[in-house]
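Here is a short report on one predicted model. Look over the sequence and the fold, then read on.

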Amino acid sequence: KRPERIRQRNTQTGRGDGARMAEVAGAALVGLDKFYGHVLSRDVMTNDGLWPYPQVDVICAASIVVDAAAQRFTDEGIGGIWITNAIAGLDDPLSATAVFDATVWDRAKSSDLVPPNPALIEAGGTVHQADTIEALAQIAGLDQNALEATIATFNEAVRNGTLQSLSPARREGGYEPVPIETPPFRAIPLAAGITVTMGGIAIDAKARVLRPDDTPIPGLYAAGSTAGGMEGGPRAGYVGGLIKAFLLGLVAAETAA
C-alpha cells in the first residue's frame with residue numbers, strides 16, 4: 001500500500017520495463033504477490049551505510065516482530081524473506097519493530113554474512129536498549145501494557161511448546177524461538193528491503209514465454225529474475241536469483257538453438 005516506505009535493496013535501476021514489454025507482446029505475468037528481500041534497519045531510509053547490509057533477519061526469526069500496537073502480526077518462524085513481505089504489507093511498512101533479549105543479540109554476532117551485531121550499530125543503525133520491558137517500551141515508542149502482554153504470551157508458548165496456539169501461530173520446526181527474558185532487552189525499528197519480485201513473465205520448461213492461454217510466443221524467451229512461477233506461494237519460497245539466471249539462461253539458449 002505504501003511502496004515509497006519500502007527500501008530498494010538492489011541497484012535501483014529496475015522499474016519493470018521488461019515485464020511491461022513482454023506483456024505488450026502478449027505474455028502472461030504470474031506470481032506478482034511476493035518478492036525476495038530482507039529485513040533492514042528503519043534507518044536505511046535515510047542512511048545509505050545500512051544498505052544493502054546488515055540485514056536483521058536472524059534476529060527477527062529468533063524473537064518477535066510487532067506492529068505499532070505492540071502486537072505480533074506474522075509467523076516469524078518462517079524466516080526473514082517471509083517477514084519482509086509481511087512488513088511490506090502493513091498499512092505503514094515503517095511501523096514494525098523487532099523485540100528481543102541479550103541471548104538473541106549475542107548469537108547475532110556470528111549468524112549471518114554481515115552479522116548485525118555489531119555491524120548494525122557501527123553503521124549507525126538504531127538499537128534501543130533497556131534493563132526492563134517497561135523502559136524498552138517507552139524508548140521504542142510502544143504501549144507498555146500491550147508489549148508486556150505480547151512478550152508474556154510468546155514466552156509461555158516457547159516454554160510450553162505451544163507455538164501453534166499463538167495468534168498468529170508460529171510454525172514448529174522453523175527457526176528456533178528464544179524467550180525474551182535475559183536483560184538487557186533490545187528493540188530495532190524495521191524496514192522492508194525489496195531486492196526483486198518473485199513473480200514475473202510466465203514461461204514453460206523450455207524458457208519460452210507463455211500467453212495467458214499457456215501457448216508459447218514464438219521467438220520470445222525469459223530467464224533469471226524476470227521469469228515468474230518458480231517462487232512465492234503461501235510461504236514466499238525462494239529459489240535463488242543466480243540459479244534462475246544460470247539455469248534458465250542455458251535452457252533458453254538451448255531451446256533457441
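Which elements do the buried residues of α6 pack against? They pack against β5 (97–100), β6 (128–130), α7 (144–160) and β7 (185–197). Packing here is contact, meaning heavy atoms within 4.5 Å.

## Basis

This is a predicted model: local features need pLDDT of at least 70, side-chain atom pairs count only at pLDDT 80 or more, and totals for chains, interfaces and linings use all residues. Residues are numbered from 1 along each chain as its sequence is written, and side-chain values use heavy atoms, with hydrogens and water left out.

Helices (H or I, at least four residues) and strands (E, at least two) are DSSP runs, numbered from the N terminus.

## Helix α6

Helix α6 spans residues 133–140. Seen down the axis of α6, they fall within an arc of 100 degrees, so they line one face of the helix. The arc is taken from the directions from the helix axis to the C-beta atoms. An α-helix has 3.6 residues a turn, so residues three or four places apart point the same way.

Just after α6 comes G141, with a positive phi of about 75 degrees.

## Nonpolar cores

The largest nonpolar core has 31 residues. Such a core is a set of buried Ala, Val, Leu, Ile, Met, Phe, Trp, Tyr and Cys residues joined through side-chain atoms within 4.5 Å. I59, C60, I87, I188 and L190 have the most contacts inside it. At least two residues of this core come from each of β3, α2 (57–62), α3 (80–88), β5, α4 (102–107) and β7. A second, separate core has 20 residues, including V66, V99, I151 and A157.

## Aromatic rings

The structure holds two aromatic pairs (Phe, Tyr or Trp six-membered rings with centres within 6.5 Å). Y36 and Y238 form a stacked one (planes under 30 degrees apart): 3.9 Å centre to centre, 5 degrees between the planes. This pair links distant parts of the chain, 202 residues apart. Y36 lies in strand β3 (residues 35–41), and Y238 in the loop between β11 (227–228) and α8 (241–256). Y36 is buried at 14% relative accessible area.

## Open sheet

Three strands form an open sheet with mixed pairing, in the order β2-β8-β11. Strands pair if DSSP finds at least two bridges between them. The edge strands are β2 (29–30) and β11, each pairing on one side only. Two bridges join β8 (residues 200–202) to β11, and these strands run parallel. I201 stands opposite A227 in β11.

Technical notes: Phe/Tyr/Trp six-rings, centres within 6.5 Å; stacked < 30°, edge-to-face > 60°. Buried < 20%, exposed > 50% of the residue type's maximum accessible area, 1.4 Å probe, protein only.
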